[in-house]
Amino acid sequence: MSAAAAIHLDLTAPPIVAKIAQRMLILGIVSAVISIAVAFLAPNGGQEFYRAYLLSFMDWLGVALGSMAILMIRHLTGGGWGMVIRRILGAAMRTLPLLAILFIPVILGMHHLYIWDRPLDQVADKHLREHLESLTKTYLTPGGFIYRAIFYFAVWNVLSFLLSKWSKETDHPGSPDHTERFKAIAGPGLILYGFTISFAAIDWVMSIDPSWISTIFGLIILIGEVISAMCFAVVVERILVDYKPMSEMLKPDFVHDHGKWMLAFIMVWAYFSFSQWLIIWAGNLPAEITFYLKRLSNGWGWVGLFLVLFHFAIPFVILLSRPFKRNIRKLVWLAVWLMIMRYVDLFWIIEPNFSKSFAVTVADIVVPFAIGGLWLAYFFHNLGSLPLLPAYDPQAVEVLESPHHASASPA
């Protein structure tokens, strides 16, 4: 039984988790002070700060929501690959209350970010002004923006609460088998996640430029989130694999599965991204091509090419290697790189709405460390608050009673 195996294996998170949480908190606070100084002191600092803030917020939100999505996929499919990182995914998911608070600056900066929150007489383009006259009466209103955001975070936090509550119960002897409960919430939860993140992507990102539309845009944001979440889980398990109990639980087969998920996700990302381009190119409608007109000139086209090569083509080739996918000490470097590429992808999506030519501001560099430092501090606090494995969950047997607790790197 898994319970019997748990008696002989201390599943408590190693002390390094608390140390990292402290360091990340310091990093977050220092970076936040610098970010606020940039917002108030730099020329045009207000707009630079808010657009960098939205970019960074979407990046770290993606890790939390993507983790919740992968966790629900694992509850539906089972497998040791998901059980060994289940508490990592859960700790990331439980940062959603913090992210709800961190969304407040986006609301405060609506006037800087969204043209539809400004007086229509400031809009020079006649056709866009007429388009906004309709949208600002029905959908794109400040009140609607805030109420929908409250709804999105409410749905995400309820899902997180239920998944976390039942998971915590499996840390104690005699806990009930919640497998069917997890499946019952995971199925509808994935559908809710898909709908809510799609509308959130429309509200928070696509509406920056209301002159264009894309029906697949929400899916592009969604797949980007699960890529960053799986890569983040690989990074954390690499940190923990040098310490017990992860060193005794993480097998090369599990790492191999994580690498295969990374490969699958970047393939889907490439498919969705190409599909959006193909549909817009085939339609050849002025209302839609503005997205690519901005992003294929003035230096932005090189960023797009960089993403094609380093977010898909090269990682795709590397991940075809079976030995590479089975070695956590190699796979982690690609995982870190793909997380950076996720930020570049969001940068390419968001920044051209504000800058005609490619440019990187101080805020674009500092604000991600501010939000990320605070988020990581909370994440590692969550990770250290529970055992690294729900030992009394019946499905934990695949991790706890493996024939041998092998190292995650090949011999």
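# Briefing: core, pockets and cavities

Trp156 touches Leu61, Leu65, Met68, Leu96, Thr196, Ile197, Ala200 and Trp204, leaving aside residues up to four places away in sequence. This is a predicted model. Trp156 also belongs to the largest nonpolar core, which has 141 residues.

**The nonpolar core**

- Three residues have the most contacts inside the largest nonpolar core: Phe57, Trp156 and Trp204.
- Helix 3 gives the most to this core, with 18 residues.
- Trp156 and Trp204 touch each other.

**The largest pocket**

- The largest pocket has a volume of about 730 Å³.
- It is lined by 28 residues, and the closest to its centre are Asp59, Trp60, Ile340, Pro368 and Phe369.
- Five helices each supply at least two lining residues: helix 2, helix 3, helix 12, helix 18 (328-350) and helix 19 (362-385).
- Helix 19 has the largest share of this lining, with 8 residues.
- By class, the lining of the largest pocket holds 23 nonpolar, 3 polar and 2 charged residues.

**The second largest pocket**

- The second largest pocket has a volume of about 460 Å³.
- Of its 20 lining residues, Ser273, Phe274, Tyr292, Val308 and Trp348 are the closest to the centre.
- Two or more lining residues come from each of helix 12, helix 14 (252-283), helix 15 (286-295), helix 16 (300-318) and helix 18.
- Its lining divides into 15 nonpolar, 4 polar and 1 charged residues.
- Helix 12 and helix 18 supply residues to the lining of the largest pocket and also to that of the second largest pocket.

**The cavities**

- How many cavities of 30 Å³ or more does a search of the whole structure find? The search finds 2.
- The largest cavity has a volume of about 70 Å³.
- Its lining is made up of Leu71, His75, Arg86, Arg87, Gly90, Met93, Arg94, Leu163, Ser164 and Ser167.
- Which helix gives the most to the lining of the largest cavity? Helix 5 does, with 4 residues.
- The lining of the largest cavity splits into 3 nonpolar, 4 polar and 3 charged residues.
- The second largest cavity has a volume of about 30 Å³.
- Val205, Met206, Trp212, Phe217, Phe291, Arg295, Ile349 and Asn353 line the second largest cavity.
- That lining has 6 nonpolar, 1 polar and 1 charged residues.

**Close-up: helix 12**

- Helix 12 covers residues 217-240, which makes 24 residues.
- From its first C-alpha to its last, helix 12 reaches 35 Å. That is close to the 34 Å expected at 1.5 Å a residue.
- Is helix 12 mostly covered or mostly uncovered? Helix 12 is mostly covered, with 21 of its 24 residues buried.

**Close-up: Ser31**

- Ser31 sits in helix 2 (residues 16-41).
- Why does Ser31 count as buried? Ser31 counts as buried because its relative accessibility is 7%, and buried means under 20%.
- Leaving aside residues up to four places away in sequence, Ser31 touches Val366, Phe369 and Ala370.
- One of these partners, Phe369, is also listed among the residues closest to the centre of the largest pocket.

How values were computed:
Residues numbered from 1 in each chain as written. Predicted model: local features only at pLDDT ≥ 70, side-chain atom pairs only at ≥ 80, totals over all residues. Heavy atoms only, no water. 1 Å grid on protein atoms, 1.4 Å probe; cavity = no way out; pocket = protein on both sides within 12 Å on 5 of 7 lines; lining within 4 Å. Points joined across faces, edges and corners; volume = space filled by probe spheres on them. Nonpolar A, V, L, I, M, F, W, Y, C, P; charged D, E, K, R; others polar. Expected span 1.5 Å × (residues − 1). Buried < 20%, exposed > 50% of the residue type's maximum accessible area, 1.4 Å probe, protein only. Contact = heavy atoms within 4.5 Å. Core = buried A, V, L, I, M, F, W, Y, C linked by side-chain atoms within 4.5 Å.
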